[in-house]
Amino acid sequence: MAEVQIYRGLKDVYFDKSAASFIDGSIGKLLYRGYSIHDLAEKSTFEETVYLLLYGKLPTRSELDAFESHFRASRPVPDAILKVIELTQKAHPMDVLRTAVSAMAAYDPEAEDKSVEATLRKGVRLTAQAATIVAAHDRIRKGLKPVPPSNRLSHAANFLYMLFGKEPDPEEAKLLDVDFILHAEHGSNASAFAARVAASTLSDVHSAVTAGIGVLKGPWHGGAAEAVMTMVHEIGTPEKAEAYAHKLIESGGKVMGFGHRVYKAEDPRARHLRDRSKWLGEKKGQPQWFQLLRYLEDNVMAKYRPRGIFVNVDFYAGSIYYLLGIPEDIFISIFAMGRVPGWALQVMEQYRDNILIRPLLQYGGPMDVEYVPIEKRGAPAPPVGAER
């Protein structure tokens, strides 16, 4: 059999063109629709960023006002979805979110309309509704009644309001707003690729987003923020960090929150969460988490930078969620909530000039094996290690 070039994991393979985001991993550069992630994180809002991604331009004031009004009106979910959440409440929050998003297709009037325009509208609805689903699940599993969404608050503030039952500190809500912006879109990452594969079959956007959620759950993609805080609690104090990291690496493990498939410089999103993690820790009277994280970054993992291993967006995200009082098993769900508009945009792009995504695998097994009828196959071989 002729040998072919194998690109395991499709690394460095371009499969299509996109106008959604630009990444230069060699210098740590990220643009949404041509706009620097730094400008968006410091000057924009999540709602404005969603508009930019889905409509391809920054809105005027009147366009943003109309969009925000529609976005807020899209937040409620049908009672039947709350029942689905009740029935699945003991599952991991990402499993509940995945199931509820899939079920939402049964209640969306445009569920089977695969036009780009309808996909955009459904993307807006799913972005708004994902927060409602995540917050409702957390309250239901705690024996509390879900808090109906507000039609006054921003997306980030509304999520915290639905989660805790009271309007949040505006500065803390803004911090979460920035986090949503940083997670909104990131090229053909694993979950976005999964969404595009689903869309390439001409499946609906609910199926595509459900696929994205399922892929994002994996610890090598979206699960790192949760894993970072687990690691921090295990380390305990900065002086134990080096021994912990050394033992983990020597055993073949990974220090979560470091390294990225694309970035060989610092993840450009990390700086915005690093600064905010420090601020929030000081505000909450719990500076020790940031101090440990910073020690791990600067004193333990710095030696790996020449190998292109830098801190990524997840490293400081977990500490922020933790300090906001958000349960650790919801950390991945927050990533998903921010990423829904990016998935929707990727699906829209796939629909516009669709081709079925169907890569190849090189076969490496036996060839032309003779079939032996079952009565002639003889006694089965004993299990490995069994007495003969």
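Guide: Let's start with Asp368, which is exposed, with a relative accessible area of 77% (exposed means over 50% relative accessible area, buried under 20%, partly exposed in between, using a 1.4 Å probe and protein chains only). Before we go on: this is a predicted model, where local features need pLDDT of at least 70, side-chain atom pairs count only at pLDDT 80 or more, and totals for chains, interfaces and linings use all residues. Residues are numbered from 1 along each chain as its sequence is written, and side-chain values use heavy atoms, leaving out hydrogens and water.

So where is Asp368? Look in the segment after α16 (331–352); helices here are DSSP runs of H or I with at least four residues, numbered from the N terminus. Asp368 isn't a glycine, yet its phi is positive, at about 50 degrees.

Leu202 is another non-glycine with a positive phi, about 65 degrees. You'll find Leu202 in the loop between α9 (190–200) and α10 (205–216), and it counts as partly exposed because its relative accessibility is 47%.

Asn158 belongs to helix α7 (residues 155–164). Leaving aside residues up to four places away in sequence, Asn158 touches Arg75, Pro149, Ser150 and Leu153, where a contact means heavy atoms within 4.5 Å.

Notes:
Helices (H or I, at least four residues) and strands (E, at least two) are DSSP runs, numbered from the N terminus.
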